[in-house]
Amino acid sequence: MDTIDLPNEIDLIQEIEARRRRSKFLPSQLFSEPGWDMLLYLALRHLQQRRVTTTELVAASGAPYSTGLRHLQSLSDAGMIQIKGDPLDKRRKYIALCSDTLNRISLAIGCANA
């Protein structure tokens with residue numbers, strides 16, 4: 001049975017940097033995956049124990065704001081993220097990974113061991 005090693009900060013930073021590096025040399029619109037970029041960013045911030053706002057997450061995706069919001073909603077509809085309102089500021093929302101999403105990200109970036 002496979003065990004899942006959760007990614008560490010270095011794993012996630014390397015994955016994020018590789019995606020950014022690729023976009024310097026190849027047309028980024030050909031490889032655009034705002035949803036994946038959002039998940040990587042959320043995983044990194046989860047490990048750093050930092051909260052993420054909607055605006056911050058959309059910016060991290062590299063997508064135009066309206067496109068980022070659509071991807072954010074798709075991730076929420078798929079049960080991969082949770083969107084929670086800030087009780088002190090009704091205009092702000094915080095985004096977090098759902099319980100098993102980090103495991104799924106780990107598998108996707110190759111952290112599974114036999």
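The following legends describe close-up views of a predicted model.

Residues are numbered from 1 along each chain as its sequence is written. Because the model is predicted, local features need pLDDT of at least 70 and side-chain atom pairs count only at pLDDT 80 or more, while totals for chains, interfaces and linings use all residues; side-chain values use heavy atoms, with hydrogens and water left out.

**Figure 1. Overview of the chain and its secondary structure.** The chain contains five helices and five strands. Helices (H or I, at least four residues) and strands (E, at least two) are DSSP runs, numbered from the N terminus. In order from the N terminus, the elements run β-α-α-β-α-α-β-β-α-β. Of the 114 residues in the chain, 35% are buried. Here, buried means under 20% relative accessible area, exposed means over 50%, and partly exposed lies in between (1.4 Å probe, protein chains only). A contact is defined by heavy atoms within 4.5 Å. Among contacts with a separation of 6 or more, 57% join residues 24 or more positions apart.

**Figure 2. The buried and exposed sides of helix 3.** Helix 3 spans residues 54-61, and its buried residues are T54, L57, V58, A60 and S61. These residues fall within an arc of 160 degrees when seen down the axis, so they line one face of the helix. The arc is that of the directions from the helix axis to the C-beta atoms. An α-helix has 3.6 residues a turn, so residues three or four places apart point the same way. On the face turned away from the buried side, helix 3 carries the exposed residues T55 and A59. The cover over the buried residues includes helix 2, strand 2, helix 4 and strand 4. Just after helix 3 comes G62, with a positive phi of about 75 degrees.

**Figure 3. T54 and Y65, two residues in contact.** Which residues does T54 touch, leaving aside its neighbours within four places in sequence? T54 is in contact with Y65, L69, L72, K93 and I95. T54 belongs to helix 3 and is buried, with a relative accessible area of 12%. Y65 is found in helix 4 (residues 65-77) and is partly exposed, with a relative accessible area of 43%. Not counting residues up to four places away in sequence, Y65 touches T54, T55 and V58. The C-alpha atoms of Y65 and T54 are separated by 10.0 Å, and the two residues are 11 residues apart along the chain.

**Figure 4. The charged end of R51 over the ring of Y94.** The charged end of R51 sits 3.9 Å from the centre of the Y94 ring. A charge counts as sitting over a ring if NZ of Lys or CZ of Arg is within 6 Å of the ring centre and within 35 degrees of the ring normal. Y94 is placed in strand 4 and, at 13% relative accessibility, counts as buried. Beyond its neighbours within four places in sequence, Y94 is in contact with R51, V52, T53, Q82, I83, K84 and D86.

Figure 5. Helix 2 (34-47), strand 3 (81-86) and strand 4 (89-97) each supply at least two lining residues. Strand 4 gives the most, with four residues.

Figure 6. Helix 5 is followed by G110, whose phi is positive, near 85 degrees. Q49 also has a positive phi, near 55 degrees, although Q49 is not a glycine.
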